[in-house]
Amino acid sequence: MSAENTQHKQTACNRDCPDVCGIVAAVEDGRVVRLQGDPQHPVTKGFLCHRTSRFLQRQYDPERLTSPLIRRGSDFEPISWGEAFDTIADRMLRIRDESGGAAILHYRCGGSLGIVKHVTDYFFERFGPVTIKSGDICSGAGEAAQMEDFGDGDCSDLFDVLNSKTIVLWGKNPYVGQVHLLPILKEAKRNGARLVLIDPVYHRTAGLSDLYLQPRPGGDMALALGVAQVFFERGWHDPAAASYCNHFDDFRSLAFSRSLAEWAGLADVGVDEVQSFAEAYADGPSSILAGWGMQRRGKGAAAIRSIDALGAISGNMGVSGGGVSFYFKRRGAFDLSFARGEAVAPRTIPESLLGPGILEATAPPIRMVWVTAANPVAMLPESQTVQQALKSRELTVVVDSFLTDTARCAHIVLPTTTMLEEDDLVGSYGHHWLAEVRPVVSPPAGVKSDYEISRELARRVGLDDEFSCNVETWKRRLLGNVANKGASLDDLRRGPVRNPLAGQIIFEDRKFPTPTGRVNLIRHVDPEPPQPPPDRPLLLMALSTEKSQGSQWVHGALDGPAVATVHPDSAAGFGEGDLARVQSEIGELTVRLQFDSRQRRDVLLMPKGGHFRDGRCANALVSAAQTDSGGGAVYYDTPVRLLPAGK
Ligand SMILES: Nc1nc2c(c(=O)[nH]1)N[C@H]1C(S)=C(S)[C@@H](COP(=O)(O)OP(=O)(O)OC[C@H]3O[C@@H](n4cnc5c(=O)[nH]c(N)nc54)[C@H](O)[C@@H]3O)O[C@H]1N2
Ligand SMILES: Nc1nc2c(c(=O)[nH]1)N[C@H]1C(S)=C(S)[C@@H](COP(=O)(O)OP(=O)(O)OC[C@H]3O[C@@H](n4cnc5c(=O)[nH]c(N)nc54)[C@H](O)[C@@H]3O)O[C@H]1N2
Ligand code: SF4
Ligand SMILES: [Mo]
């Protein structure tokens, strides 16, 4: 029941999630008491996910940081903001003088999707420019694939899937990662659409699907090429495809370079399954919603490129109800031209190789690292290397609300705002709506936003010209390209606004913004899936869990060893609930075993985002490596074995 003094305040979720929900916060006496999904938001439809429904436990967690901290020996002590800023500014100026901006690394990841966060990047660019990351561990491989194939990486309107006869969820688990897609999928089903799921991991979405294929991890290229072969053989491909696709004959030859049985064998599905999938996909228009997981493999870009090619030759590109949707251009509405990023950076380090990259950098070495909105020790491959890299710098500054694995490596930790205290703008990588993130309560005393931190530092290093203004000025600047098209800040304050620059159907009339105006079909692939060696027969897949956002769990959710799920046949000699060691080439963890006979026998599943200090972090087992294109991280190709605990 609402108390009389309850205020309902509108904001938006800035977490790294494709849904970017509208949120209504109930506030009583300066305290948020309830969070609900905005019923007016076309995608949110009045509900929030499991993890953000429980966000108040994080918001009011007694372990939240409310003072800057400085390392003294192995402990941290509180210091004042003035002292923290002075210490940091002095050191930054000295390092720039002595070694140039390249000796400073600024690293930001997915703690917030807020667009104003780019102003923090820009502050470091103006100060240096400094060393920054290249590539993208999350979606880099797939984005590079779609740029190569189609010349752009965006999608048709989210609701256009309601015009599909067949919807293929290719490596996607909306029950965990994109819950607001579910009502749309269910509506499509009610209207008669057919749903196909292709995922090596069995999950709840299989129950919603009319056809479920459970291929070998990394078997997607082989599966796509097998389906393409069926299309060519039966004449189901678009007869006009050669007119808008480059390398049409080469792709056709590629599809026939192996027999259907060989393609099915590589993908580890039945020939009949490839045929059933081809038949379903041929009954279009058919849309493919390609997930983000399958491109976090060594050949991740090639997997997306093979799927793109299938979408193109089948005539599904540029039509309503068709498409291969991978990434909605979440920054597409915003004017980010002030920051030039890689074009001016003196040096870049691939994000997936951040740990070894910092340690190996010379001329100049990296002397200082600034980490914001990221927990790279837990979330990047080779946790131990990332930890060592951060601890061994002259100055590591981490901006976070909690003493994360990464913050524990810092010399100075700066406490920052949560999404309920933030002032920002967001776009989404799962739909085209834009929203304003508004502070629904003030931060605790002693807590500053990333922008306020940049502003204070700017003043101390002589850059206050551009950074002295308030956030609203930046918001209006960021909305400069769309303000006169119905998406001004005032429009956003009236409710969610669809990006006016985004069309309903991507590549309509089959116009592709590639250099030739045509689709680039993939010509060469190495379709062999990752082969775990006999002594490490399981591929480690640490995937999103509904209980957390990345490494952001709610208080108390983490107790005891991490849970690892395997098929019972893959754990001979172990019982369900036993402790075991999971060992890779570079490390090992103790886990509690859970059995699931619906899973493949060649995978070991863990939740992503476990904390390194508690021995729950899968990334302690994963080696740093880059995907075939786009600078993605190879998260799911790591072979592991199970060993008895405590030996
Ligand atoms: N609850 C929750 N939701 C989240 C997040 C979270 O931490 N928690 N994280 C968010 C983030 S950072 C992102 S980027 C997005 C996307 O988050 P992701 O977790 O990447 O979401 P999916 O697109 O569902 O991709 C995962 C699916 O890919 C499948 N997959 C893995 N390898 C393969 C393969 O080789 N072939 C095929 N066909 N499938 C494969 C996995 O089995 C899994 O079902 O969601 C966000 N949503
Ligand atoms: N093994 C394995 N590892 C993975 C993945 C996987 O599937 N498997 N998925 C990968 C993917 S897709 C992604 S996107 C990355 C995510 O990697 P990260 O973005 O590094 O992960 P998060 O745990 O979300 O950490 C973000 C941190 O930002 C903080 N934060 C939140 N809001 C703010 C803010 O406004 N300002 C500041 N300064 N801090 C804030 C949070 O408290 C949190 O500690 O992880 C990757 N790591
Ligand atoms: S995390 Fe995603 S689903 Fe959950 S509230 Fe935020 S945007 Fe919505
Ligand atoms: Mo991500």
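**Note on the predicted model: domains and ligand sites**

1. Domain 2 and domain 4 bury about 1700 Å² between them, with 52% of it on carbon and sulfur atoms; buried area is the accessible area (1.4 Å probe) that two parts lose on being put together, summed over both. The C-alpha centres of domain 2 and domain 4 are 29 Å apart. To the contact (heavy atoms within 4.5 Å), domain 2 gives 22 residues and domain 4 gives 23 residues.

2. This is a predicted model, in which local features need pLDDT of at least 70 and side-chain atom pairs pLDDT 80 or more, while totals for chains, interfaces and linings use all residues. Residues are numbered from 1 along each chain, ligands are numbered from 1 in the order written, and side-chain values use heavy atoms, without hydrogens and water.

3. Ligand 1 is surrounded by 34 residues (a heavy atom within 4 Å), and the closest are Asp199, Asp220, Arg297, Ser544 and Ser548. At least two residues of this shell come from each of α6 (174–177), β22 (538–543) and β23 (548–549); helices (H or I, at least four residues) and strands (E, at least two) are DSSP runs.

4. Polar contacts are pairs of N or O atoms within 3.5 Å. For ligand 1, an oxygen atom lies 2.7 Å from a polar side-chain atom of serine 544, and an oxygen atom is 3.4 Å from a side-chain N or O atom of histidine 203. A nitrogen atom of ligand 1 is 3.2 Å from a side-chain N or O atom of lysine 608. The protein buries 96% of the 900 Å² that ligand 1 exposes when taken alone (Shrake-Rupley, 1.4 Å probe).

5. The shell around ligand 3 includes Cys13, Cys17, Cys21, Cys49 and His180.

Methods
A polar contact is a pair of N or O atoms within 3.5 Å; within protein, one must be able to donate a hydrogen and the other to accept it, and residues adjacent in sequence count only if both atoms are side-chain atoms. Domain bounds come from an automatic or database domain assignment.
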